[in-house]
Amino acid sequence: MRKWWPLVAICLGTFMLLVDVTIVTVALPDMATDLGTTLSDLEWVVDIYALALAALLLGVGSSADRTGRKAVYVVGLVIFALASLVCAVAPDAGVLIAARAVQGIGAAGMFGTTIALLGMHYERKDRNIAFAVWGATNAVAAAAGPVVGGVLTEYLDWRWIFFVNLPLSVLAVVMSVRVLHEVRLPARERVDWMGSVSFTVAAGALTYGLIRAHTDSWTAPFTLALFGFAALALIVFLVAESRHDHPILDLSLFRRASFTGIMTAALFLQAAAFAYLLFTSLWLQSVLGYGPVKAGLYILPMCGAAFVASALAGRLGPWPPRLAVGIGLLLIAAGAALQAVLDADSTGNTVMVGLIVSGLGVGAATPSLSEAALASVPAERGGMAGGAVNTFRQLGFALGIAVFGAIFQARVEHVLRGDGRVPDPEQGAAALSGGQAQAVISSSPPGERDAVGHLVRSAFASALNTTLVVAAAVAAFAALLVFVTVRGGTRDTGAEADPTGEGAPEHGLPAQASP
């Protein structure tokens, strides 16, 4: 059993950081009340964490190859724990959002090294088992966030969703120091600071622009400036990567159709499977009136299905990445489509079957997605591959929330404007998108509240249906792309894979590794 302790240490950190991506979704109403702010203002509590995590993964994964993967992982755990403490005691929304950003930085240090650490410690059959367990952890953690958050928020307090990270982080640090091996590549590479900074700026400006687009407008000067700034930063990133001897992301890899397909699938999978859960949670709580625990329990079947699918995939596999990822994405598309049947009289039971189907897709696709990414680069560039696939996944979540938020609010406004009972449809749409459905109903004349209540339920259901249909289309397109582009899944064993000429076992622990 001793050989599996590194897997336990890695999965513990992975579970914590991924749970924290979605754990706040059911706690947002309580946060808004306690901190005296609006739910729409707290959208950044969800997005800033995912954005910081996504924007820094590429740089972290690449630098960890040189500075030490174990060291970066442990430092990330410490930063994550300290930021969680600040989140838990935050006196206002500004401090909470800033601490969530720092928490995302720590999470990037952890997540950007996990795939490479697994590749260092396991090979052959053990590697398949390790990736299956790690993939199941990924799938369960992302889906379990709302459930865990609901229980802690309703029976303790929303601050406990951050306090709970502290003992788990201490345990993860102790285990990591004791059981993980260390490896450092020779320090002969120049740090790609320009690539790291420009990618971070591009991702941040694009996400912020998308959020401002649905709070202001798509043609507002500041929104357009953000999009222009994001495009400029992306151009700088592409130029920097093409000229750097050791870039954080080797652009030549995108000449391979399989690598491009896997990265695109990672981007779309996270958006299609998880970004809409924020609006599902708001529907369950602000429209149907469920408490945090009940709302979380309706999402629990997705978590269980993801775990079962990942476990079965690991036991019956290995599956060809093209098949596992493609079928997984098709299941995610089918699950979203099955949920897009809501109306004013729907209950939480309406979405359960679709969530189960989506969970099966997540569990089937996630392990193979990561393995395929790791197999596409030489062993010594495992940090870069792990950082890349996880970057695209988390960037997909951050962008998905922003894009789906714009679609959701536009659809709500369209329904309200067409009915005419709400005097200011734009303000009403913003209120519903911010989880203030009951406030909209109570502000209407007493004699019209039943009619306005039905309208609010209809508008919210219609907007969520539209969002789910878009999620289904995104997942289906990604599945088609995977089937067309992805071939095989074995590691490149060309000259680049072993620049020393001395050879190294596939995914094995390099000769310079030390405990």
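**View 1. Asp34 and its partner Arg159.** At 43% relative accessibility, Asp34 counts as partly exposed, a class lying between buried (under 20% relative accessible area) and exposed (over 50%), computed with a 1.4 Å probe on protein chains only. Arg159 forms a salt bridge with Asp34, with the closest N and O atoms 3.3 Å apart; the term requires a side-chain nitrogen of Lys or Arg within 4 Å of a carboxyl oxygen of Asp or Glu. Because Arg159 lies in the loop between helix H6 (124-155) and helix H7 (160-163) while Asp34 lies in helix H2 (residues 28-35), the pair ties together parts that are 125 residues apart in sequence. Arg159 is buried, at a relative accessible area of 17%.

This is a predicted model, in which local features need pLDDT of at least 70 and side-chain atom pairs count only at pLDDT 80 or more, whereas totals for chains, interfaces and linings use all residues. Residues are numbered from 1 along each chain as its sequence is written, and side-chain values use heavy atoms, leaving out hydrogens and water.

**View 2. Arg100 and Asp20.** A salt bridge also joins Arg100 to Asp20, whose closest N and O atoms are 3.9 Å apart. Since Arg100 lies in helix H5 (residues 93-121) and Asp20 in helix H1, this pair ties together parts 80 residues apart in sequence. Both Arg100 and Asp20 are buried.

**View 3. Ser198.** Buried at 4% relative accessibility, Ser198 touches Ala233, Val236 and Phe237, not counting residues up to four places away in sequence, where touching means heavy atoms within 4.5 Å.

Terms used. Helices (H or I, at least four residues) and strands (E, at least two) are DSSP runs, numbered from the N terminus.
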